[in-house]
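I opened this model to look up its side-chain contacts. My notes follow.

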Amino acid sequence: MAATLVAMAATIAHTQTQTVRLYLEALDERGPVEGLAPSDVAIFDSGANRTTTQLVRADDPMRILLLVDNGRSAQPFIQEIRGGIVAFADAIPAVHELGLVTIGNTPVVRQEPSLDRMKLKQIARTLTSGGTTVLVGAVYEMYDRFLRNAGDRWPVLVIITSDGSEGSGQFYPEKFAAFGRDMQAKDVVAHAIVLISAKGDALQVQIARALTEGTGGTYNTTATGGDLTSRLAAMAQDIVADFDRTSTQYRLEYASESAQPAPDLKVSLLRDGVKMRMSRAGRIRD
């Protein structure tokens, strides 16, 4: 009996369906195609015809989380950091959420993702510095809290960090690599500005560069901080432009035995005169 129950449980676990998510760009001679329906899409995964469970425009507003270094090594830049956060917030339309977390000594949630710009800017103007930067620990913790499951929001991570000492403890490359893959699967985009002093290639620099390259975000450095306000305002404008470019795409979901599409996945549009591009891991952003 026990063996039978174990076999039944294994069979049930094996046959449980999971959701696969894809992104589609559909264009005809006039531009982006409006009003695609599930019946317009044919999906073959592992040789089986799959049923579309959701097909909606990928125009979910963003959830942008700012991770800001206010550790000792960021002290020379603190005035510019304050002004830069305010400029960034002013450049993001009110429909998108903004959250603010400082990472000096320990991650502190100054404001959870919210539409309240006034409160966030007030907090930014009063930031002080102290402690050791804890970028790695903050990235893991705040990703789990606010970005991994962002609901009907497009998750975006913005890192402002110095290149001083990193106080998060031992760094495990395998864990970080798995973390990066999860970010890609959840369509998270990371952007970063590193405040360069004498370290140059500190762990924070490597982390920021890896996350931005892995998710298709932007990576910048500044050695003086004097241009931080204009750089952050420009970054915000680029993020909004990225949203505007991709919001005409579609998010498609279908049920399968695996959460990952098979190598032989084929998706076709059944409308004449419509060209399609597909992405397996996030919006099409080129």
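**Charged pairs and rings**

I started with R145, which is partly exposed at 45% relative accessibility. The model is predicted, so I read every contact below as a feature of a prediction.

I looked up the partner of R145 and found E112, joined by a salt bridge of 3.7 Å from N to O. R145 belongs to helix α4 and E112 to strand β8 (residues 108–114), so I noted a link between distant parts of the chain, 33 residues apart. E112 also counts as partly exposed, at 46%.

I then asked how many salt bridges there are by this rule. The count is 17.

Next I took R153 and E97, whose side chains form a salt bridge at 3.7 Å, N to O. R153 sits in the loop between α4 (135–147) and β9 (154–162), while E97 is in strand β7 (residues 97–102), 56 residues away. R153 is buried at 16% relative accessibility, and E97 is buried at 12%. I also followed the shared partners here: salt bridges join R63, E97 and R153 into one network.

I looked up R271 as well. R271 makes a salt bridge with D40, with the closest N and O atoms 3.4 Å apart. R271 is in the loop between β13 (266–269) and β14 (275–279), and D40 is in the loop between β2 (31–32) and β3 (41–45), so this pair ties together parts 231 residues apart in sequence.

I turned to the aromatic rings and noted four aromatic pairs. Y140 is in helix α4 and F179 in helix α5 (residues 173–185), 39 residues apart, and the pair links distant parts of the chain. Y140 is buried at 14%, and F179 is buried at 7%.

F171 and F176 form a tilted pair, with 5.6 Å between centres and 55° between planes. F171 is partly exposed at 26%, whereas F176 is buried at 12%. I then traced the ring pairs and found that they link Y140, Y143, F171, F176 and F179 into a cluster.

My last entry concerns a charge and a ring. The charged end of R283 sits over the ring of W154, 4.1 Å from the ring centre.

Definitions and conventions
Residues are numbered from 1 along each chain as its sequence is written. This is a predicted model: local features need pLDDT of at least 70, side-chain atom pairs count only at pLDDT 80 or more; totals for chains, interfaces and linings use all residues. Side-chain values use heavy atoms; hydrogens and water are left out. A salt bridge is a side-chain nitrogen of Lys or Arg within 4 Å of a carboxyl oxygen of Asp or Glu. Helices (H or I, at least four residues) and strands (E, at least two) are DSSP runs, numbered from the N terminus. Buried means under 20% relative accessible area, exposed over 50%, partly exposed in between (1.4 Å probe, protein chains only). Rings of Phe, Tyr and Trp (its six-membered ring) pair if their centres lie within 6.5 Å; planes under 30 degrees apart count as stacked, over 60 as edge-to-face and the rest as tilted. A charge sits over a ring if NZ of Lys or CZ of Arg is within 6 Å of the ring centre and within 35 degrees of the ring normal.
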